[in-house]
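User: I would like to understand how this protein is packed. Can we go through it step by step?

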Amino acid sequence: MTPRCCPAASTAPFGFDSTAAEVVTGVDLAAKRAIVTGGSSGIGIDTARALAGAGAAVTLAVRDTVAGERTAARIAAMTGNDRVEVRRLDLADPASVGAFVASWAGPLHLLINNAGVMALPQLQLTQDGWELHVATNHLGHFALAVGLHESLVQACGARIVSLSSAGHHLSPVIFDDLHFASRSYDPLLAYGQSKTANVLFAVEAARRWAEDGITANAVHPGAISSTNLARHIDPDVLAELIASSSYEFKTLEQGAATSVFVATSPHLEGITGRYFADCQVAPVVEPGTAGSRGFGVAAYALDPDDAERLWELSLRLLSD
């Protein structure tokens, strides 16, 4: 499969205000199996609900399985689809990722790498010595996708959606000090480089796995004030940031729309290695100039050399 451009990018019928339910209308996913990481909170719930509503068998891959079971029951009740299951996954723990991969059998059509952490106030390292943003947001999802590669191949047209953010404009990947060993820790820089890594993953997965029929794209869901992603930011500080921000905020249903659109739209067949925002392929812009809707991707996040370098580095880290 040769990656191709998206000629309808500027004329797609969906945009900033679209919801996950709207973008999946008319799409039949009854024969599809999907995994949504972080599917028991935030936009993960609305992503999973939209996929289940279209008939997919959905696995919520979550750390808190109790919360996951509650969410699965609600989704089943709302959609009438009882093919919603819960499996434990701690992205910061390679053993947990390995166990999840080992438990999976058969094809996987949709992998939505949705879970993440943001702006941890203090430097936190995993037992492997990895900074927690990059460990959770990138390395865990990387290990999951690589581990499930054969299942993605079996699907004959699988799609991977890698949730990035306009926050990638905060920092490129700092290869010489990925884990803040020699530079001062900054929560936003740590988050930013992990979100850049999410885009670079999609770029390199698109290159490596095109012949396997797998597409991989990154998405910016938009700024969403009601998600718990910002739970590590002081509530008063967060409220002040929201009040003074020039960003236009989305609802959870709107925030899930781009992920669901990229995962399911028949118009995106074969489109891979791109960065989407507001259900559109986003233009390349100068870092920090994405505007009030975060619409635009920094060139460094699409750099093919950095994408390959990050892939090889990730493989080494996971094999050590």
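Predicted model: local features only at pLDDT ≥ 70, side-chain atom pairs only at ≥ 80, totals over all residues.

User: Which residues of helix α4 are buried, and where on the helix do they lie?
Analyst: Helix α4 covers residues 94-103. Its buried residues are S96, V97, F100 and V101.

User: What covers the buried residues of α4?
Analyst: The cover includes a helix, α5. It also includes strands β1 (33-37), β2 (57-62) and β3 (84-88).

User: Which residue caps the N-terminal end of α11?
Analyst: Look at the backbone nitrogen of D305. A side-chain oxygen lies 3.0 Å from it. That oxygen belongs to D303.

User: What span does α11 reach from its first C-alpha to its last?
Analyst: Helix α11 has 16 residues, 304-319. At 1.5 Å a residue, 22 Å is expected. The model comes close to that, with 23 Å.

User: What covers the buried residues of α11?
Analyst: The buried residues of α11 are A307, L310, W311, L313, S314 and L317. Their cover includes α5 (132-147) and α7 (187-209).

User: How many residues has the largest nonpolar core?
Analyst: L60 is among those with the most contacts inside this core, as are L29, L51, V58 and I112. Beyond four places away in sequence, L60 touches residues including V36, A48 and V86. The core's total is 37 residues.

How values were computed: Residues numbered from 1 in each chain as written. Heavy atoms only, no water. Core = buried A, V, L, I, M, F, W, Y, C linked by side-chain atoms within 4.5 Å. Buried < 20%, exposed > 50% of the residue type's maximum accessible area, 1.4 Å probe, protein only. Contact = heavy atoms within 4.5 Å. Helix = DSSP H or I, 4+ residues; strand = E, 2+ residues; numbered from the N terminus. Expected span 1.5 Å × (residues − 1). Polar contact = N/O pair within 3.5 Å; in protein donor to acceptor, adjacent residues only side chain to side chain.
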